[in-house]
Amino acid sequence: MIHPRDILLGAQAGAFALPVCDHYSGVEARMKKSLQLQAEMTEEFGTCVFDVTLDCEDGAPVGGEADHAALVTALALGAAPEARVAVRVHPVDHPAFDADVATIAGQAASKLVHLMVPKVESVADVLRAVAAMDAAGATALPLHVLIESPAAVHWAFDIAAHPRVQSLSFGLMDFVSAHGGAIPADGMSMAGQFSHPLVLRAKLEIASACHANGKVPSHCVVTEFKDTQALGQAARTAARELGYTRMWSIHPDQIRPVLEAFAPRADEIEQAAAILLAAQRADWAPVPHDGRLHDRASYRFFWQVLVRAHATGRPMPEEVTPFFATMNVLADQS
């Protein structure tokens, strides 16, 4: 039987090519705990359900950037083979940027799933980052960028179009601050970030830029990290209304609510499985289901539902598990 991945042209949507959660930590003890938690949850779910991004921008003490770069490099090199580890370096205009990339990408590129560059303002910054990565020998390492200003939002489509860029993330706090007080402080809160027109527009522009170019839109953090109910609501809004397929976490307690919010519901998984199995039996010709006619356009959608279900460790009907027995979902969907 033909695998859905092979028959459904365009099914390898880049928007679902990464784990739905990207967990950040920059203090040595927390970085080690994050890697340990990733290993434990990988065993629990049967797949790696979140990336660990080791942070230089906020993690490195002033004057200690080189030592911190050496630390995250050592942690990445010492991570388990199945670990998904990334690093956020300093911005391209920071004095430590070149040394960050030379050390981290130069020594640990084979262990990293991507390099995150913050405060990207234009395609020129992307080219600067890519040149530094290539000079360090990391010519195949994907680049993630953080969009944090009105100018960066303006250029989001061009930034997302660069072939080395895999994901755009939204930097809420810096974006609000960049408006010089024109957006009130509430724009950084749980409520304000989903209601202020300028913030909402920026989020939609970034999501749209990513989907137009087959890239992954990653939603910003929720700073009310102790309020897991608020976090869950934010994640559901980002996933269900704004088109985001990934979200940042800055505290271990945020990881499971993000997974839950971005995972398909049980009824959605059952529906997707039933439709794809019927399509497979019909050799991918149109089939009726619950009074509606489905064809390859909707089959692609329902295949992506199952991919997200697998990537978030959701239970699936036994009949569709063979779809995932011999494939690395994250690799095959990128």
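This report describes salt bridges in a predicted model.

## Overview

Side chains of opposite charge can pair when their charged atoms come close. In this predicted model, the structure holds 17 salt bridges, and the sections below take up several of them.

## Pairs involving strand β2

Asp51 and Arg84 form a salt bridge in which the closest N and O atoms are 2.5 Å apart. The pair links distant parts of the chain, with Asp51 in strand β2 (residues 50-55) and Arg84, 33 residues apart from it, in the loop between α3 (65-78) and β3 (85-88). Asp51 is buried, its relative accessible area being 0%, and Arg84 counts as buried at 14% relative accessibility.

A salt bridge also joins the side chains of Arg88 and Asp55, at 2.7 Å from N to O. Here Arg88 belongs to strand β3 and Asp55 to strand β2, so that distant parts of the chain, 33 residues apart, are linked. Arg88 is buried with a relative accessible area of 5%, and Asp55, at 5% relative accessibility, counts as buried.

## A pair involving helix α11

Arg314 forms a salt bridge with Glu260, and the closest N and O atoms of this pair are 3.0 Å apart. Because Arg314 lies in the loop between α13 (296-311) and α14 (329-332), while Glu260 lies in helix α11 (residues 255-262), the pair ties together parts that are 54 residues apart in sequence. Arg314 counts as buried at 17% relative accessibility, whereas Glu260 counts as exposed at 52%.

Salt bridges that share partners join Asp55, Glu57, Asp58, Arg88, Lys119, Glu148 and Asp174 into one network.

Conventions:
Residues are numbered from 1 along each chain as its sequence is written. This is a predicted model: local features need pLDDT of at least 70, side-chain atom pairs count only at pLDDT 80 or more; totals for chains, interfaces and linings use all residues. Side-chain values use heavy atoms; hydrogens and water are left out. A salt bridge is a side-chain nitrogen of Lys or Arg within 4 Å of a carboxyl oxygen of Asp or Glu. Helices (H or I, at least four residues) and strands (E, at least two) are DSSP runs, numbered from the N terminus. Buried means under 20% relative accessible area, exposed over 50%, partly exposed in between (1.4 Å probe, protein chains only).
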